[in-house]
Amino acid sequence: MSDRQQFATFFLGDNYFGVEVERVQEILRSQEMTPVPLSSPVVRGLINLRGQIVTAIDLRRRLGLPARAEGQPLMNVVVRSSGGGVSLLVDDIGDVVETCAESFEPPPETLALNQRAMIVGVHKLDDRLMHVLDCAKVADLESE
Amino acid sequence: MDSADGMDDIVKEFIVESTENLDQLDRDLISLEKNPTSKELLGSIFRAVHTVKGTTGFLGFSKLEQVAHAGESLLSRLREGVLVLSPSITSGLLAMVDAVRTMLAAIEKTGSDGDTDYAPLIQFLTQLQAQEPDGKMRDGLVAPASSFHAVEQEQSQDTIAPGTAEEDRDDQLPLGQILVEGGHVKEEQLASALDQQMQGDPRRVGEILVARGAVHPEEVLEALQAQNDGPTSSLSSNNIRVDVGQLDKLMNLVGELVLARNQILQFSTTQQDSTFLNTTQRLSLITTELQEGVMKTRMQPIENVWGKFPRVVRDLALACGKRVHVEMEGKDTELDKTILEAIKDPLTHLIRNAVDHGIESPSQREAAGKSPEGRLFLRAYHEGGQVNIEISDDGAGIDLSAVKAKAVERGLIPQEQAARMSEREAYQLLFLPGFSTAQKVTNVSGRGVGMDVVKTNIEKIGGMVDLQSAMGSGTTVKIKIPLTLAIIPALIVMCGGERYAIPQVSLLELVRLEGNGARQGIESVHGAPVYRLRGNLLSLVYLNRELHFDSAAAQDSAQQDVVNIAVLQADDCQFGLIVDEVNDTEEIVVKPLGELLKGLSVYTGATIMGDGRVALILDVMGLAQHAGVISEVRQRKLSEDATPAAERARERKTLLLFQSPDDGRMAISLSDVTRLETFSRSSIERTGEQQVVQYRGTILPLVHVSGLLEERRLQPRGVSPTAEDKVQVIVHTRNLRSVGLVVERILDIVEDDLSTRRPASRAGVLGSFVVQGKVTEILDVDGIIRVQDPTFFDPEQLLTGVAS
């Protein structure tokens, strides 16, 4: 693995997250969603992405963060996953960031266990910390 | 060729082609066993093996070549009539086919033909060949014998003298003619060579010519090649091989196109521009045709799966010491490739079951007064947009008491339940996991994984399995499966402000209650809502409650003035699903749900609606289970099943009842009904004598049932007193063509066994029956249509119909 890695970044409230750029299929504005009754509360609905049906996950709920304010605009970060496309609903999109291996640190022990599974670690950037998300874990609701 | 990745296209193509050839070989060999002297079959088998051998030699798979060669030599003796087919020869040849198949698999995986030692097989094949040797033919010039020695000495094939390797065949140009046409020999030379042959020279024409120096050996080889290629190349130029993945992609794109078309159609209703409307109409038509065309490319005859069965049955029957012959009907019934793949294993399992457990040994059969040879009958046919497959044997049937005893022993059901259990219920026990009634476990079947797997696999593709059996006279397994999985007709309903699709296959009928009916029609049995549907209680399920919508809203809908009930069929029970609104039926493209939602059994997938939004497709089975209907209805079924068994055993038919012109009752089989429609009289147009309406982008000819039936009223009425603004039409579709039967009034849908029959008393009627205690005439749909349009069923008419 090369030292340098690129991450697509986004915000959930004040928290700054990144996923490996290769995992990201595309980024979309808020889309019409069809709710899926009886599904996990984390699943917000289904999106028609040019004929592909994508499951939208409320990343705030998934990570146990407080719900966003009513009417606050959403962004879709569509990531490729083994079981079809998954969209992560986030507050806002950041830049693509290049990191080097030295800036990486594993998550602190104090992080709640269920979140430690999804947050692989943090990159210490100049101005802030970027949480590195494991998309596969985020999309795997079974592990909860 | 050292690894699979490095395998070049020629090898890949060779594997694909050879695998197909081998499947054909299996079938041919089994047919040959019944008809051992058929020149045609022998020729086809010989050619197939020869092709395999030739190509393997060329590609350098020497082991494979040796085996194929030994087989070919044996076949050639058969073809010459020196040997006559015996069971041991057939077994030898089948073993050879298996060996070739194994090696092909090895080549596909590793790039080499494996390390298995086939020397015993080759020796066996050679010994078979040596049976009843015929002296006068063994002069060393007979191709197979000499070339066989060549292979034994590990020499390559090109040491075989040209001209000896091949024989002239009936369906090919004679070698001589090819040589003359190629300008290699003169006609006189050929004539004198043929003459020499006539006078007793045992050599082939090519050989004689080479021996005389009239032609080069290479030229003979080339001519032989041309002779072989001739008929095949002309065939293959009409066909191309397409990767299934490519078709799937195409299918997806067409699905998208259909959705885009629907969106445009929806938009077009708000537009006035006639050019735009016309273009939309054309786009719609083309899309429909394109969709049908692409669907067709994925359709394959069921024979592709069935073709393997005679071989399976033969091997199995031999292993069990039984005699079974297979009969097939409807081999060319077409199914989507995905479905075909999915039913392959379940069907094979059922066939194995039938031979292993169903059909008795010859001695037992004779003792029971049956022919010693068992009969396995496979039947496939289309009905109502579905394919039915039946597998029946004339074996011992299923001992229900043994089934029950076993179920009790395994702890699947308590003793007293077993005693109460109806016949039908008991058959369902066979489909429970971990159930096997075989007295002993054989290597064939009865290993515990059985009918439950069959059932699960069939249900996975939206099908149903049913089993009927009669002690002593056999068992029939019926499978109903959809034609295709990708695009299905579905009813769109609304619930909680969202749309849901219900696959049409599960939909029986729609009931709408208004006013008082809505408030009082729904009763409750100890809290469980029910509705009286034609005298029977129908369990009701509120979709909004099942989907846990706001309970206040659910309360509201219970108080509403209008109640929509979709009567659905789940497994063998019916229930009513209460929805907020019923929209139209639509052809929808089924898309799988992501891995995240796989656990939700109430949905089978999702689709994209005309407006681009996603709608969920309800899984009727899953919904019924979720709502707890299935177990509940099962209980009720028990009491219903108290009717005599004989009555239930009879074939039941679902009929659509309507009022006949003379106020009597008429019926047509529901399988003949594509849809029921209501048209306003003003929408009826005329083309010549024919009344037509515009319907779903096509022109639907109308046939007035009343006009074609002999009037039998005492006082013929003039103008119909009920000259309403609307006409009721039964749409009947055959071979992609539809016709609308105009009837007075649709009455009901009933299920009946059509037992009391009287012959027809007038034209256009098949006969009369007592249905629900009333005399009902069954309409002769074909006859009626033929009177109106004698060319309706003509295939040519179909073509022009599509082209126009």
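A nonpolar core here is a set of buried Ala, Val, Leu, Ile, Met, Phe, Trp, Tyr and Cys residues joined through C-beta atoms within 7 Å; buried means that 20 or more other C-beta atoms, placed from the backbone, lie within 10 Å of a residue's own, and exposed means 12 or fewer. This is a predicted model, where local features need pLDDT of at least 70 and side-chain atom pairs count only at 80 or more, while totals for chains, interfaces and linings use all residues. Residues are numbered from 1 along each chain as its sequence is written, and chains are lettered from A in the order written, with ligands numbered from 1.

**Cores**
- The largest nonpolar core holds 83 residues, and Ile57(A), Ile502(B) and Leu618(B) have the most contacts inside it.

**Where the chains meet**
- In all, 21 residues of chain A are in contact (C-beta atoms, placed from the backbone, within 7 Å) with 21 residues of chain B.
- On chain A's side, E4(A) gives the most, with four residues.

**Helix H17 of chain B**
- In H17(B), residues 400-409 (helices are DSSP H or I runs of at least four), Val403(B), Lys404(B) and Ala407(B) are buried.
- Seen down the helix axis, the buried residues of H17(B) fall within an arc of 95 degrees (taken from the directions from the axis to the C-beta atoms), so they line one face.
- On the other side, Ser401(B), Ala402(B) and Glu409(B) are exposed.

Notes: Contact = placed C-beta atoms within 7 Å. Helix = DSSP H or I, 4+ residues; strand = E, 2+ residues; numbered from the N terminus.
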